[in-house]
Each structure stands twice: as C-alpha cells, then as structure tokens.
Amino acid sequence: LSQAIDLSTKEAIDIVLLDLGLSDSDGIETLKTFRKNHPEILVIVLTGYDDDTIGREAIACGAQDYLIKGSGMEIMLPRICLYALERHKLQAEAKRSEQFLRSTIDSLSTHIALIDKNGTILLVNNAWQNFVIEHGGDPDMLCEGANYLSTVLPNNLKAASLTASATRGIQQVILGEKEYFEIEYPCHSSTEKQWFLLRATPFENASTQCAVIAHENITKQKTSESKLLTSKQYLRIIFDTSPNLTFVKDIDQKYVMVNKSYSEFLNIPYEKIIGKTDKDLFLKHPSPASDISHFSEADQELMYKGKGILTKETTLLNHAGQKKHYRFYKTPIFFPDRPTAMLAIGLDITALRNSQKGTQESEHRMRTILDAMHQSITLHDQNMDVIWANKQAAQSKETLTCFLNGCNFDQNTHE
C-alpha cells in the first residue's frame, strides 16, 4: 500500500485496482488509507470475500465499484473500468458544479437557503449562517437539517398572521401553484431596527420539489422610503396650507399634484384630479372652452421656453358658478431624472377687483350728483391746477380753458 501511495504521488494515475489484502494493510482500512492520501483518484476494490457487506462498505468509503476475486468477473474488468471512469468524470463535474454553486451563493449578501417539500433546510449560504451566529441563534435549529417552515419562519416573522401567510405562499411555490412569493417583515432588536424581504422561488433543476428561500436586508430602502414619505408629507402640508390655487403639471399637461385650495375650488377630490388634463376636468365643469385650450397651449409653451411668467388677470368660474379673478405665477421645474414639469400659483384678486369696481361705481355716483348741482364745482391739485369740473363749472369759459390747458385757476382768475 505504501508503494502504491508513493507511486500515485509521483505519477498521473487515472484508476487504481486496490486489493484489500496487502502485505502492509488489510481490510477496509486499506481503502480508507489510500483515499485519505489520494481522494481525487478513482478506486475499484478487489476482495477475496464473497460478502456484499464489504462491497457496500467499500462503496460508502468512496470506491467506484468492487470485484470479488475468482468470481469470473475479471473478464469484464475493462468494461467495468470504463464505466467507472465515466461515472467518476460525471461525479467530478457534479462536484465542480456544486462547488461553483456554493461559491456563488456564499458570495451573496442575501441570506439564502434551499428547502425541500417538507420544509427541511438542505443548504444555507455563509450570509445566512453568519446572521444566525451574530444574532445569538443556534445553527442546529436554524441552519441545515432544521425545518424552515416550523422553526425558522416563526422565529423571523414573529406575528402569527404573517407566518401563516408566508407558509401558505411558500408551499404554493413548492407545489408549482405560484411562480414566486414575497413578503416584507420587520426584524427589530433592542439596538437596531431592520426590515427584510422574504422571497421564495422554485428550484427548477431539482429532481424533487424544492424552493430557494432568500431573505434580503432592505433596511436602507425602507429608511429611504420613510424619509421620502416624511418629505412628501411635509410638502403636502406646506402645499395645502397655501390659500392660493397651486398645482403641478407634467409635460403632457396632466396634473401630478394639486393643493387643497385647488381641489376645493373645483369641488373634485384630489385623487380624481391627478392624471387628468384641463380638458378632462373643465369640460365637465363650468368654464369657457376657449380658456381651456388657452391654458394648455400657454402652459406647454412656457415649459419649452423655460422662463417663469406672471399671467394677465384670468376670470374663472368655481364649482358654484361664481366668478373669481386670478393672476397666476407659472414657472417650469427642471428635474435631473424626469421631464420638465410646471408649477403654477394662482393669487385670488377677486376682493381687489371688487373693491376697484366699488370705487369706480362710487366715483360715478358722486360725479352724477355733482353734475346735477347748479353751482360751479372744480377739483384742484396742490398747484391749484384744475383737474376736474362739474357740468356747471365746465360751462364757464375760464374754467374750461384752465381745465383744458392745465393752467393755474387762481392766477387765471386774477388776470
């Protein structure tokens, strides 16, 4: 045996016929010793004992086959060696494939396990095992050999409703009723908060029904989502606090955001405005059709020009049919990762316009009263120039001349 081990070290050996009864070694230990020194070499065992027990033990210890000396099988030796070489080659390829698979899944940060149809864990990667150890778990209870469905899943998901839902989903994947199943769940400790995504997919190359279980740490994503949600909530509060009609349109003139004031002005719920155009909204509500096309064309032109504008006064009808006067400030919004949008803020100038109208009407009534009087009445500026005269005063030649020429009435009278 020692000579065979030494020769196999020096030479490139493909196959060894190993007699279990050698001068320096006997029995199954002969095979064990050789395999210990050269596990890569194919071995066919020769034994003088007509005992299948020894043959099966030899196969269990790594032999490719065994022959009983004197049984007449020697004539089949070339074929037996050929078949043994082919099997050994296939086993080596399978082993390399398994090693590649193991190296691949061990390189992933996602926690991965392979389970059979009963939920028994057949394999886990390094990330899975390290997570168990780092968090004080028992590898014997949570890794290979443990039952994922009855032990690991309840330990991770905690809540009974989540566990039941996940168990049902994973079983459907194993049975081929679902292409995949996934669920998010919290996994908080006393020192940190973490979230994971559990995803189950079928192991398609398996001879039996199996599933790949992946637990991916999505804490950063959930934290970002939480911050984004908070930012959106803050923006919504600011947006809705403004009494002005405020909205944002995309490049296709569809509303992507509106504030509470605009929603109340139209008397349309916020969610029913989003995704609609002016045409979609205003054809069902009171508003001149010409205004609709004008708004859309002007807004689109503004986006392409890329400059903000303060619009002229615009008269709109609210949902109650009341006339409202607005001036809009509109400006394009440039995003690094999406098309240009437009922000519009409408200032309600109805009260100002009504006040001006009231002033004009009051002035008209005063003029009418003064014109009806028989006395001559004139209005002068600080330089005593005539700036207004009633009808009676206007009939006076001197007053009319001063009024038209803008002269000093007091000086002109003295002259």
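The lining of the largest pocket holds 15 nonpolar residues, two polar ones and five charged ones. The model is predicted. The space in this largest pocket comes to about 620 Å³. Its lining has 22 residues, and L235, V256, M257, F335 and R338 are the closest to the centre.

**Where the lining of the largest pocket comes from**
- Four elements each give at least two residues to this lining: α9 (219–241), β11 (245–249), β12 (255–258) and β16 (341–348).
- α9 supplies the largest share, with five residues.

**The second largest pocket**
- This pocket holds about 430 Å³ of space.
- Its lining has 19 residues, and F131, H135, N155, N156 and C187 lie nearest the centre.
- Two or more lining residues come from each of α5 (126–134), α7 (148–157) and β8 (181–186).
- The lining of the second largest pocket has nine nonpolar residues, nine polar residues and one charged residue.

**The chain as a whole**
- The chain has 17 helices and 18 strands.
- Its radius of gyration is 46 Å, whereas a compact globule of 415 residues would have one near 22 Å.
- Along the principal axes, the C-alpha atoms fill a box of roughly 160 × 45 × 40 Å.

**Burial, contacts and surface**
- Of the 415 residues in the chain, 32% are buried.
- Among contacts with a separation of 6 or more, 37% join residues 24 or more positions apart.
- The chain exposes about 26,000 Å², and carbon and sulfur atoms supply 54% of that area.

How values were computed
Residues are numbered from 1 along each chain as its sequence is written. This is a predicted model: local features need pLDDT of at least 70, side-chain atom pairs count only at pLDDT 80 or more; totals for chains, interfaces and linings use all residues. Side-chain values use heavy atoms; hydrogens and water are left out. On a 1 Å grid over the protein atoms alone, a cavity is a set of points where a 1.4 Å probe fits but cannot get out, and a pocket is an open set with protein on both sides within 12 Å along at least five of seven lines; lining residues have an atom within 4 Å of a point. Grid points are joined across faces, edges and corners, and a volume is the space filled by probe spheres set on the points. Ala, Val, Leu, Ile, Met, Phe, Trp, Tyr, Cys and Pro count as nonpolar, Asp, Glu, Lys and Arg as charged, and the others, Gly among them, as polar. The radius of gyration is taken over C-alpha atoms; the globule rule is 2.2 Å times the number of residues to the power 0.38. Buried means under 20% relative accessible area, exposed over 50%, partly exposed in between (1.4 Å probe, protein chains only). Contact means heavy atoms within 4.5 Å. Accessible areas come from the Shrake-Rupley method with a 1.4 Å probe; for residues, only the protein chains shown count as cover.
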